[in-house]
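Trainee: I would like to learn how to read a few features of a structure. Please take them one at a time.

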Amino acid sequence: MGKVVVMDHPLIKHKLTFIRDKNTGSKEFRELVKEVAMLMAYEVTRELPLEEIEIETPVAKTKSQIISGKKLGIIPILRAGLGMVEGMLNLLPAAKVGHIGLYRDPETLEPVEYYCKLPTDVEERELIVLDPMLATGGSATAAINFLKDRGANNIKLMCLIAAPEGIEAVQKAHPDVDIYVAAVDEKLNDHAYIVPGLGDAGDRLFGTK
């Protein structure tokens with residue numbers, strides 16, 4: 001079973017408080033989401049393999065470590081996942097970015113893919129799927145399915161806030177995927193919103209209703 005990592009660093013907790021606050025406007029909300037994503041990128045890449053090379057400092061030759069050629073891919077789920085991309089790229093500028101667009105079919109309530117543009121070598125990359133909210137888990141599960149259908153086999157999921165129901169759904173469908181979150185909230189309400197949550201992340205990022 002994939003692990004669930006809750007990143008409870010004081011800086012993340014502090015910024016998440018203001019992300020949750022309904023009085024935080026779109027400009028500040030976007031900046032905070034970007035900052036938290038960057039802090040989370042530090043942890044989600046903790047296990048990247050290293051290799052040793054020789055360099056020369058101003059004082060002497062020495063052996064030192066660099067990331068071992070690991071190819072990374074950042075995959076935001078449209079549209080709210082876009083808010084997390086810039087923060088990730090601040091730390092991982094060489095990563096390629098793919099996009100997956102999903103909507104929920106009003107009849108079947110199943111997620112349907114309407115857009116998917118991925119790096120061509122997706123099967124060789126460690127992919128980090130981004131979505132601020134892990135509510136029912138439907139969108140994340142579907143997005144991971146679409147990635148696996150295209151040959152991806154090394155996938156992590158990174159969210160700001162998760163409901164226990166969403167974590168359980170993703171773990172059941174994709175037991176090989178590690179989940180990284182900044183907070184696990186209480187529950188889903190009758191409208192499948194996370195409680196206490198932060199409202200609709202897409203609307204708050206982009207100033208829509």
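**Aromatic pair, pocket and binding site**

Mentor: A search of the whole structure, which is a predicted model, finds one aromatic pair.

Trainee: How is a pair of aromatic rings described?

Mentor: Two values are used, the distance of the centres and the angle of the planes. Here Tyr103 and Tyr114 form the pair, with 6.4 Å centre to centre and 35° between the planes, and the pair is tilted.

Trainee: Which parts does the pair tie together?

Mentor: Tyr103 belongs to strand 6 (residues 99-104) and Tyr114 to strand 7 (residues 111-117), so the parts joined by the pair are eleven residues apart in sequence.

Trainee: Is Tyr103 buried, partly exposed or exposed?

Mentor: Buried means under 20% relative accessible area and exposed means over 50%, with partly exposed in between. Tyr103 has 41% relative accessibility and therefore counts as partly exposed. Tyr114, with a relative accessible area of 47%, is also partly exposed.

Trainee: What volume does the largest pocket have, and which residues are the closest to its centre?

Mentor: The volume of the largest pocket is about 700 Å³. It is lined by 26 residues, and the closest to the centre are Arg104, Asp131, Met133, Ser139 and Asp200. Two or more lining residues come from each of strand 4 (72-78), strand 6, strand 7, strand 9, helix 4 and helix 6 (201-206).

Trainee: How does the lining of the largest pocket divide by class?

Mentor: The lining has 15 nonpolar, seven polar and four charged residues.

Trainee: Where does UniProt place the feature "binding site"?

Mentor: The unreviewed UniProt entry places the feature at Arg79, Arg104, Asp131, Pro132, Met133, Leu134, Ala135, Thr136, Gly137, Gly138, Ser139 and Asp200. From this set, the lining of the largest pocket takes in Arg79, Arg104, Asp131, Met133, Leu134, Ala135, Thr136, Gly137, Gly138, Ser139 and Asp200.

Trainee: Take Leu134 from that set. Is Leu134 buried or exposed?

Mentor: Leu134 counts as buried because its relative accessibility is 1%. Leu134 sits in strand 9 (residues 133-134). Beyond its neighbours within four places in sequence, Leu134 is in contact with residues including Leu157, Cys159, Ile161, Val170, Ile179 and Ile194.

Trainee: And which residues is Ser139 in contact with, leaving aside its neighbours within four places in sequence?

Mentor: Those contacts of Ser139 are Ile77, Leu102, Arg104, Pro111 and Asp131. Ser139 is part of helix 4 (residues 138-149). With a relative accessible area of 26%, Ser139 is partly exposed.

Technical notes:
Residues numbered from 1 in each chain as written. Predicted model: local features only at pLDDT ≥ 70, side-chain atom pairs only at ≥ 80, totals over all residues. Heavy atoms only, no water. UniProt positions renumbered as here; feature names shortened; annotations may be inferred. 1 Å grid on protein atoms, 1.4 Å probe; cavity = no way out; pocket = protein on both sides within 12 Å on 5 of 7 lines; lining within 4 Å. Helix = DSSP H or I, 4+ residues; strand = E, 2+ residues; numbered from the N terminus. Buried < 20%, exposed > 50% of the residue type's maximum accessible area, 1.4 Å probe, protein only. Contact = heavy atoms within 4.5 Å. Phe/Tyr/Trp six-rings, centres within 6.5 Å; stacked < 30°, edge-to-face > 60°. Points joined across faces, edges and corners; volume = space filled by probe spheres on them. Nonpolar A, V, L, I, M, F, W, Y, C, P; charged D, E, K, R; others polar.
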